[in-house]
Amino acid sequence: VERDGKPVLEIKGLSRPGAYHDVSLEFKAGEIVGLTGLEGCGKAMLARGLYGLEPLGEGEVTFEGAPYQAEMPDEALAKGVAYLPRDRHGLGIVGIRSVLENISLSILDRLTNGLGLLRSGAERGHVRHYVDTLGIITPGLRQPVEFLSGGNQQKVVFAKLAGTQPKVLLLDEPTQGVDVQAKIEIMKIVDEMSRQGVAVAFISEEIREMVDVCDRILVMYDGQVTAEFQMGDPEATVEKIL
């Protein structure tokens with residue numbers, strides 16, 4: 001897939017009382033858009049609304065040119081919108097379940113045969129591909145995820161989402177609580193997914209990380225987009241964004 005820059009997800013005049021007001025922005029294929037701002041500015045609520053975890057509000061939202069609405073996360077996933085939550089343990093992983101089960105969980109319907117039975121060979125092949133690609137360090141595919149390091153747990157969540165082959169990937173604080181090496185590897189994964197044509201929303205307060213990986217950074221304050229920085233522009237410095 002080429003980074004053709006076509007808008008995948010467009011938002012115009014979106015408002016939700018107590019969350020955000022008159023937000024307009026777009027996510028293009030192959031582009032990494034940073035969304036930053038102080039806690040409570042509306043950036044995280046916008047992502048949860050797009051993924052069907054919270055009401056989206058009133059306004060115009062289109063996905064590949066068609067009106068977009070997701071009442072539930074499985075509806076968003078089916079349309080091509082994936083979400084990596086800040087709360088990895090609450091929403092991202094099932095700690096007592098294995099690496100195998102966690103990664104295949106999001107695409108079980110693709111891994112079953114005509115009788116509805118899981119094709120275990122296909123499941124193992126799928127999971128092994130992502131364990132190798134993302135460099136997930138685990139004693140084996142049957143290892144419960146709760147016993148992995150924070151960085152490897154986060155990579156399991158990435159594998160689960162990447163397996164759905166999303167067109168839009170919403171990342172809420174993707175590097176929170178992981179070590180420096182895991183951060184570097186996660187950034188590589190984000191960059192690689194954008195190269196494959198995925199539109200990525202990188203929601204974070206880590207400005208220095210965002211400057212390294214994003215194509216554009218939008219600043220939100222009190223529920224509104226108040227500034228936009230194009231990376232490569234001399235004005236787009238960490239200090240100015242802060």
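Strands β9 (residues 216-221) and β10 run antiparallel and are joined by six bridges, strands being DSSP runs of E of at least two residues and helices DSSP runs of H or I of at least four, both numbered from the N terminus. Within this pair, M220 stands opposite V225 of β10. The model is predicted, so that local features require pLDDT of at least 70 and side-chain atom pairs count only at pLDDT 80 or more, whereas totals for chains, interfaces and linings use all residues. Residues are numbered from 1 along each chain as its sequence is written, and side-chain values use heavy atoms, with hydrogens and water left out.

Both strands belong to an open sheet of six strands with mixed pairing, ordered β6-β7-β8-β3-β9-β10; pairing requires at least two DSSP bridges between two strands. The edges are formed by β6 (81-84) and β10 (224-230), each of which pairs on one side only. From one strand to the next, the twist averages 20°.

Helix α1 (residues 43-50) lies across β3 (32-36), β6, β7 (168-172), β8 (199-203) and β9, at about 140° to β7. Helix α7 (residues 180-195) lies across β3, β7 and β8, at about 150° to β8. Axes are lines fitted to C-alpha atoms, for helices over the stretch in contact, and angles run from 0 to 180 degrees between N-to-C directions.

K79 is located in helix α2 (residues 73-79). Apart from neighbours within four places in sequence, K79 contacts F63, Y68 and Q69, contact meaning heavy atoms within 4.5 Å. The C-alpha atoms of K79 and V168 are separated by 9.4 Å, although the residues are 89 apart along the chain.
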